[in-house]
Each structure stands twice: as C-alpha cells, then as structure tokens.
Amino acid sequence: MDLLAKVYKRLGTPSDGVVLVHSAFKQFARDGYRAPIVLRSLVEYFERGTLLMPTMSWRYVNAANPLFDELDTPSNTGILTELFRTEYADVRSLHPTHSVAGRGKMARTLVQTHHYDETPCSSRSPFGLLSRHDAWVLMLGISMDCCTLVHFGEESVAPELYLRPSDQRETYSCRDRKGQVFEVTLRRHRFLPRDYFQFQDQLAGEGKLQVARIGNTTCRAFRAVDMVRIVTEALKQSPDAILAKPGQRYRMM
C-alpha cells in the first residue's frame with residue numbers, strides 16, 4: 001500500500017463506502033507529487049466503493065452563458081477534479097453551477113436527481129443524499145471553508161436567509177452525455193460572509209474529525225451525517241448561526 005493509500009486508511013474512510021473528495025493540489029505539487037498520481041491513488045483505493053468529486057462550473061456557466069454540458073463543461077474546482085471528470089468519472093450530475101462527478105456502484109444513484117430542484121444543494125442533490133448513504137467527506141489540502149455539504153443545512157433549515165429570493169431565479173439548459181437537454185431552474189446562494197470553521201471545531205470536540213498529513217498537505221475526514229447534524233442543530237437554534245461575526249475567520253460564499 002502506497003503512502004497516500006495509508007493516509008486514507010488512517011483517516012478511517014472505508015474503501016468500499018461512499019466518499020466525496022474536496023481537493024487542492026498546490027501543496028501536493030510543492031511536495032513533488034504529480035496530479036495523475038494523486039488521483040490514481042484515490043481511484044484505486046476506493047475502487048470497491050463510490051468516489052465523488054465536486055466539478056463545479058460557476059465560473060463558466062452563468063446568465064451570459066446559460067448552457068451546461070455534462071461532458072464538455074470544465075470544472076473550476078481544481079486540477080484533480082478536472083482530471084477525474086475527464087478520465088475516470090462514469091457520471092456527472094446535471095447542474096449548471098454545483099455538479100458532482102462520480103464513479104462506482106452508487107454514483108448514478110447519488111447524482112441522477114440533482115437537477116430536479118431549484119437550489120444547488122437540495123435533499124435530492126448529491127450533497128443532500130450523502131448522509132443517507134453513510135458517506136464520508138475527505139478534504140485533501142483544503143480547508144473547511146470549502147465544505148459544500150454545509151450548504152445543504154442552510155437550504156434545509158433557512159433557505160430564505162442563505163438563498164436568493166424566488167423572483168431572482170435563473171434558467172439554464174443542461175445537456176447530458178446522450179445529448180438530451182433539460183431545463184434547470186436555479187436559485188443561487190447569497191454572497192455572505194460565512195464561518196464554516198466553527199463546525200470543524202465542533203467535529204473535533206466530539207472526536208468526529210480525523211486529521212492526517214501527507215508530507216506538508218493536511219487531510220481531514222468526517223462522516224457526512226455528523227456534519228449535517230451539527231449544522232442543522234446550529235441553524236435550528238439560530239438561523240444566522242453560520243454568518244461570520246466581526247473579527248472571525250470567514251470566507252465570502
């Protein structure tokens with residue numbers, strides 16, 4: 001077993017389970033790794049399970065360019081996701097801004113209903129379905145402020161606060177790999193200062209966050225159901241719980 005695979009195992013991510021991988025390659029590159037090697041290690045380790053990667057395209061698909069193509073629209077979430085999309089993925093969800101590519105036994109089930117709802121991370125999106133399938137989230141070289149799963153909690157509990165109003169819906173055409181075109185209505189997320197790091201602290205405090213390093217690259221893993229529970233509880237207590245307070249570390253999302 002190579003070093004990368006040993007780290008995935010140490011993090012507790014089951015090789016035959018469902019895993020969503022967020023990634024940034026910059027630190028891997030500084031440590032001398034090549035992107036195809038890192039990606040191959042992921043594909044091989046989770047070969048018996050289901051591997052998902054966000055292949056978001058909000059930089060390329062917008063009101064001025066309202067067409068998403070499952071095969072041709074590139075991912076703007078890093079080199080590993082683009083390589084996965086083009087070289088390994090069997091399916092990709094039909095969503096203009098928040099698509100997810102996948103391979104493995106559960107991939108089609110997890111992506112096939114993403115375009116049914118008008119919000120990016122609804123209960124029928126891959127993000128909304130993760131916790132139902134005991135999935136894990138693996139974050140390679142990327143911090144918690146990029147955890148898209150938190151948006152599912154926002155949309156579930158306080159959609160009017162975190163989503164643009166219904167009268168600002170946008171309509172897109174999404175073409176699947178067979179050439180069939182679907183009209184998809186979208187309510188985008190509001191551009192707000194969000195504090196996702198609080199959830200990392202809560203996961204760690206409960207012993208639900210696993211952390212390991214590959215060279216200088218920090219890797220984190222946790223079960224989707226734990227993140228959804230923590231976020232949902234926080235929002236039910238206070239719908240604005242995710243909004244960053246003055247002086248807090250946050251990211252505009």
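These legends accompany close-up views of a predicted model.

**View 1. The open sheet.** The sheet holds 7 strands and is open. Their order is β4-β5-β2-β1-β6-β11-β10, with mixed pairing. β4 (91-92) and β10 (210-214) stand at the edges. Each has a single partner strand, so one side of each is left without a neighbour in the sheet. Strands of a sheet pair through backbone hydrogen bonds, either parallel or antiparallel.

**View 2. The pairing of β4 with β5.** β5 covers residues 100-104. β4 and β5 pair in the antiparallel sense, over 2 bridges. Arg-92 has Ala-101 of β5 as its bridge partner. Ala-101 also belongs to a core of 31 residues.

**View 3. Helix α10 on the sheet.** α10 spans residues 224-237. The helix lies across β6 (136-140) and β11 (217-223). Its direction makes an angle of about 80° with β11.

**View 4. The largest nonpolar core.** This core has 42 residues. Leu-130, Met-144, Leu-149, Phe-222 and Met-227 have the most contacts inside it. At least two residues each come from β1 (18-23), α5 (107-111), α6 (126-129), β6, α7 (149-157), α9 (197-205) and α10. α10 gives the most, with 7 residues.

**View 5. The surroundings of Met-144.** Which residues does Met-144 contact, leaving aside its neighbours within four places in sequence? They are Met-139, Tyr-196, Phe-197, Gln-200, Leu-209, Phe-222 and Met-227. Phe-222 and Met-227 are, with Met-144, among the residues with the most contacts inside the largest nonpolar core.

Terms used
Residues are numbered from 1 along each chain as its sequence is written. This is a predicted model: local features need pLDDT of at least 70, side-chain atom pairs count only at pLDDT 80 or more; totals for chains, interfaces and linings use all residues. Side-chain values use heavy atoms; hydrogens and water are left out. Two strands pair if DSSP finds at least two bridges between them. Helices (H or I, at least four residues) and strands (E, at least two) are DSSP runs, numbered from the N terminus. Contact means heavy atoms within 4.5 Å. Axes are lines fitted to C-alpha atoms, for helices over the stretch in contact, and angles run from 0 to 180 degrees between N-to-C directions. A nonpolar core is a set of buried Ala, Val, Leu, Ile, Met, Phe, Trp, Tyr and Cys residues joined through side-chain atoms within 4.5 Å. Buried means under 20% relative accessible area, exposed over 50%, partly exposed in between (1.4 Å probe, protein chains only).
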